[in-house]
Amino acid sequence: MTALRTEPAAGVPAATTSTLDLAGVSRWYGNVVAVNDVTMRLGPGVTGLLGPNGAGKTTLLHMMAGFLAPSRGSVTLDGEPTWRNPGVYRRLGLVSEREAVHTFLSAYEFVLASAKLHRLPDPEAATRRAIELVEMESAQDRKIGTYSKGMRQRTRVAAALVHDPQVLLLDEPFNGMDPRQRLHMMALLHRLGDTGRTILFSSHILEEVEQVSGTVQVMVAGRLAASGDYRTIRRLMTNRPHVFAVRSTDDRALAVALMAETSVSGVELGRTGLTVKAGDYGAFTRALPRIALRHGIRVRQLLPEDESLESVFSYLVEA
Amino acid sequence: MSTVTWITARGLFGRSRFLMLLPLPLILVGLAVLCRALGVDPGQWGPPVLVGLGLAVVLPVVALIVGTGVLGAEIDDGTVVHILTKPLPRWQIVLPKLAVAAGVSAVTVGVPIYVAGVLADSVRLGLALVAASAAGALAYSALFLALSLVTRRPVLLGLVYVLIWEGLLGRFVTGTRVLSIQQWVIALADRMAPTPLLGTTVSVPVAAVLTGLVAVGFTVLAIDRLRSFSVAGETS
């Protein structure tokens, strides 16, 4: 609900926060179930919507944005339904995946048209601010038809941000951007999230999600497979042994000692150290210093090896 | 001018399909000028040029291109999302688009049909044809605009209505003329400038009422369909 105001970050004013709620949302097309009984709550900050192609990410985003009616369940923004309710667009911005822009307009005209359609009190100022935010000032008077894919994408983001929405939904926002533009967009999303806006972006590129957000909603085959910080999600996967890279002053002795520890399910002695598989993350990380101390071994390195988003994602998809 | 009107007009004139509007009016004027210059009896060339070409082909085809273009083209290329993600009541989107469609069609058809009407008979007939065509442009535009929200093939369905219903059935099955915008336009023009060049079995009150009903009814339908506009189901 709208209550909290957060501290502003550079270039982006603070926002009143909004919450997007999905309750038991399903969407089917004939016999095909695209989204199956998804319940989630999105609050301030940046969240990545992750899933393989065909997982239902776009369908879910369209329902959030009021462009698709749920077959079952409800999608609400601060308690108001998003479907058949244009009023929600005062607080919500959407950057869809499809590269759809009026190519006969310049970026300035395009964003200004958005500002006027939002009936903003000073549309010219809002337009300048939005264009500045995406760093498109130098090309703002050229026709959009002459832009690269990344420039078009940034123009669309500017148009979606012109009314300073509390919630911004982006479908595959990094598509077609070069590395510098990606970094800039990632920084922008971070800033928006830090100022209390609810940002949800979908992607099937794990590195993108990992760099922008620790919080993920993982869709697999239309279902919400996991939700939250991906490192926490990993630790909750108790059926998957955790893999650690360990280096010490005496790897062989440590390997022998670790095999006696109940939380350890396997140890591999390599040239650069040990690879330890542990069934219980907490029990192992507590036991290791105790064992090392008892045997007079100094641990030089302890690295969780499968806590990357990629590992978590592959475990979820395989499950 | 509202922003929706401005974007719609820019989009319409900026697309190549707008060029498709030009040949038919030029042919209409060219034929009328040619017949007049050759001294052909207006009773001979008037009905086929004014009705057969002007009201039966140029008016519906121009209205079809424009009417399906003002919203249908934006739906096809996805740019409609930019207007729909604004906190505007949907009638504030449909009415400006309808005004642009009807206005552009009325002007595109009105100029050549006026010239042809004057050459065939009188200024009065020219003005009557302009006024009746404008009413017809409004009804056609409402119909075709609503079609672009009801079906993914509005041009095909529009052509079926114009060619099969009005063109073929209207010629051989007289009962179908009651539901023909073309016949309503003829009836209205004939009432404003009675002439043997125009003839229809549809009465003027029926034509006037049905023109209004179609214009209002399909506009209301378009507004309602736009409220429930769904983005095509991509599941990527």
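In this predicted model, 22 of the 28 residues of helix α6(B) are buried, so the helix is largely enclosed by the rest of the structure. Chain B, to which this helix belongs, contains nine helices and zero strands, whereas chain A contains ten helices and 14 strands. The two chains meet through 25 residues of chain B and 30 residues of chain A. Chain A is assigned two domains, domain 1 (20-234) and domain 2 (237-318).

**Helices α5 and α6 of chain B**

- Helix α6(B) covers residues 123-150, and its end C-alpha atoms are 40 Å apart; this agrees with the 40 Å that its 28 residues should span at 1.5 Å a residue.
- Helix α5(B) runs over residues 91-120, which amounts to 30 residues.
- From the first C-alpha of α5(B) to the last, the distance is 41 Å, close to the expected 44 Å.

**Overall form of chain B**

- In sequence order, the elements of chain B give the pattern α-α-α-α-α-α-α-α-α.
- The radius of gyration of chain B is 18 Å, which agrees with the value near 18 Å for a compact globule of 236 residues.
- The C-alpha trace of chain B spans about 65 × 35 × 30 Å along its principal axes.
- Of the 236 residues in chain B, 53% are buried.
- Among contacts in chain B with a separation of 6 or more, 78% join residues 24 or more positions apart.

**The side of chain B that touches chain A**

- Contact between the chains involves 25 residues of chain B and 30 residues of chain A.
- Helices α1 (3-14) and α4 (80-84) of chain B each supply at least two residues of the side that touches chain A.
- Helix α1(B) gives the most to this side, with five residues.
- By residue class, this side of chain B divides into twelve polar, seven nonpolar and six charged residues.

**Overall form of chain A**

- Along its principal axes, the C-alpha trace of chain A spans about 70 × 45 × 35 Å.
- Buried residues account for 45% of the 319 residues in chain A.
- For chain A, 68% of the contacts with a separation of 6 or more are between residues 24 or more positions apart.

**The two domains of chain A**

- The C-alpha centres of domain 1 and domain 2 of chain A lie 39 Å apart.
- Contact between these domains involves 13 residues of domain 1 of chain A and nine residues of domain 2 of chain A.
- On the domain 1 side of this contact, the elements of chain A giving two or more residues are α6 (206-212), β9 (215-220), β10 (223-229) and α7 (230-236).
- Helix α7(A) provides the largest share of the domain 1 side, four residues.
- The residues of the domain 1 side that touches domain 2 of chain A comprise ten nonpolar, no polar and three charged.

Key:
Residues are numbered from 1 along each chain as its sequence is written. Chains are lettered from A and ligands numbered from 1 in the order in which they are written. This is a predicted model: local features need pLDDT of at least 70, side-chain atom pairs count only at pLDDT 80 or more; totals for chains, interfaces and linings use all residues. The expected span of a helix is 1.5 Å times one less than its number of residues. The radius of gyration is taken over C-alpha atoms; the globule rule is 2.2 Å times the number of residues to the power 0.38. A residue is buried if 20 or more other C-beta atoms lie within 10 Å of its own, exposed if 12 or fewer, and partly exposed in between; C-beta atoms are placed from the backbone. Two residues are in contact if their C-beta atoms, placed from the backbone, lie within 7 Å. Ala, Val, Leu, Ile, Met, Phe, Trp, Tyr, Cys and Pro count as nonpolar, Asp, Glu, Lys and Arg as charged, and the others, Gly among them, as polar. Domain bounds come from an automatic or database domain assignment.
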